[in-house]
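The following briefing concerns the structure shown below.

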Amino acid sequence: MASSASSSTGSSKKIDANGGPDTADKEEKKEDRTFECNICLDTARDAVVSMCGHLFCWPCLHQWLETRPSRQVCPVCKAAISKEKVVPLYGRGSTKQEDPREKVPPRPAGQRTEPEGGSTFPGFGFGDTGFHMSFGIGAFPFGFFTSTFNFGDARPGAAPHGTPQHLEEQYLSKLFLWLAVLFIFWLLLA
Amino acid sequence: MAGLSPSERRLQKELMSLVKEPPPGVTVDSDVIERNLLQWLINMDGASGTLYEGENFQLQFKFSNKYPFDSPEVTFVGPNIPVHPHVYSNGHICLSILTDDWSPALSVQAVCLSIVSMLSSCKEKKRPPDNAFYVKTCNKNPKKTKWWYHDDSV
Ligand SMILES: [Zn+2]
Ligand SMILES: [Zn+2]
């Protein structure tokens, strides 16, 4: 191993060769242009890259995807793009190896609207709102329909237990659950 | 660059690169723009060898604080509005990248280039067919117009 004296001269020479920290900084800036976000034009932070190879800050790209949720295209080449299909970049210098997509801004909440007044939503039950829920699951591959077919929009709360209306709802919910199950089987077999 | 909003930060960068490498025939007064980064005035010369050779135009860019996610409002202003099938006599421009096809990866420079090429490819100087009606009825902001981009050939 080299003596400590020689290694320290080595490092000081290197700084000299770069012409001091100022020039080094400038050179670094020039090189960094390759890694500029295509939206804010700064060096990409929390960088992500699209399938088409374009680099963005995740916050910048996220804001763009939010701007036109119905038509998500790459700002540079107009290729289709989505949150799920961007790759986070982890450089050696990055402190934390966390997925930038997990950070702010968080993934937007789903577009399903819960029926109004359903404060006692029992989860995946067969109860009051089961009908609503199971239909949602059945239509899972077509996420779009889930929100459109939201029967519960103006439903004035679930009927109280024991009433005929409640029983009817329960029956309907089971019926739809079975339909959903059959549908899934059909999808699997098809 | 402290104290600038993200929009202004980006505009500042665009201004620096536009001053450094302007598209042919395009000039800006960067001192004026630096006082208000959200509104630019750009001088554009008609390219030589085109119908607009020797003419001078002024383009006004207005940016919202949502820029670059929101497209700039771009109009021709001043005494000379180019006579072109996609340019109304009030300065409004029918150009898809200014509304529907806007992308935050575009820039002032890209818009200028696009307008220069739109002018350069013109074969006959005339106003859009619906000019009189449009100018009378349109909103002051061209971005409020629901444009039809049916004719990409001119
Ligand atoms: Zn960015
Ligand atoms: Zn792309």
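Across the interface of chain A and chain B, 3 salt bridges are found, a salt bridge being a side-chain nitrogen of Lys or Arg within 4 Å of a carboxyl oxygen of Asp or Glu. The model is predicted: local features need pLDDT of at least 70 and side-chain atom pairs count only at pLDDT 80 or more, whereas totals for chains, interfaces and linings use all residues; side-chain values use heavy atoms, with hydrogens and water left out. Residues are numbered from 1 along each chain as its sequence is written, while chains are lettered from A and ligands numbered from 1 in the order in which they are written.

**Interface of chains A and B**

- Chain A contributes 14 residues to the contact and chain B contributes 13 residues, where contact means heavy atoms within 4.5 Å.
- The two chains bury about 1100 Å² between them, with 52% of it on carbon and sulfur atoms; buried area is the accessible area (1.4 Å probe) that two parts lose on being put together, summed over both.
- Ile39(A), Leu41(A) and Trp64(A) supply 35% of the area that chain A buries against chain B, more than any other three residues.
- Asp42(A) pairs with Lys13(B) in a salt bridge whose closest N and O atoms are 3.2 Å apart.
- This pair crosses between chains, from the loop between α2 and β1 of chain A to helix α1 (residues 6-20) of chain B; helices (H or I, at least four residues) and strands (E, at least two) are DSSP runs, numbered from the N terminus.

**Salt bridges**

- Over all chains, the whole structure holds 7 salt bridges.
- Within chain B, Glu55(B) and Lys125(B) form a salt bridge (2.6 Å, N to O).
- That pair links distant parts of the chain, 70 residues apart: Glu55(B) lies in the loop between β2 (39-45) and β3 (56-62), and Lys125(B) in the loop between α3 (108-120) and α4 (131-137).
- Lys125(B) counts as partly exposed because its relative accessibility is 38%; buried means under 20% relative accessible area, exposed over 50%, and partly exposed in between (1.4 Å probe, protein chains only).
- Asp42(A), Arg9(B) and Lys13(B) are joined into one network by salt bridges that share partners.
- Arg10(B) and Glu14(B) also meet through their side chains in a salt bridge (2.8 Å, N to O).
- Because Arg10(B) and Glu14(B) are 4 residues apart in helix α1 of chain B, about one helical turn separates them.
- Arg10(B) counts as buried at 1% relative accessibility, and Glu14(B) counts as buried at 5%.

- Cys40(A), in the loop between α2 (20-32) and β1 (47-49), and Cys60(A), in helix α3 (residues 58-67), link distant parts of chain A, 20 residues apart.
- Both Cys40(A) and Cys60(A) are buried.

**Fold of chain B**

- Chain B has 4 helices and 4 strands, in the order α-β-α-β-β-β-α-α from the N terminus on.
- Of its 154 residues, 44% count as buried.
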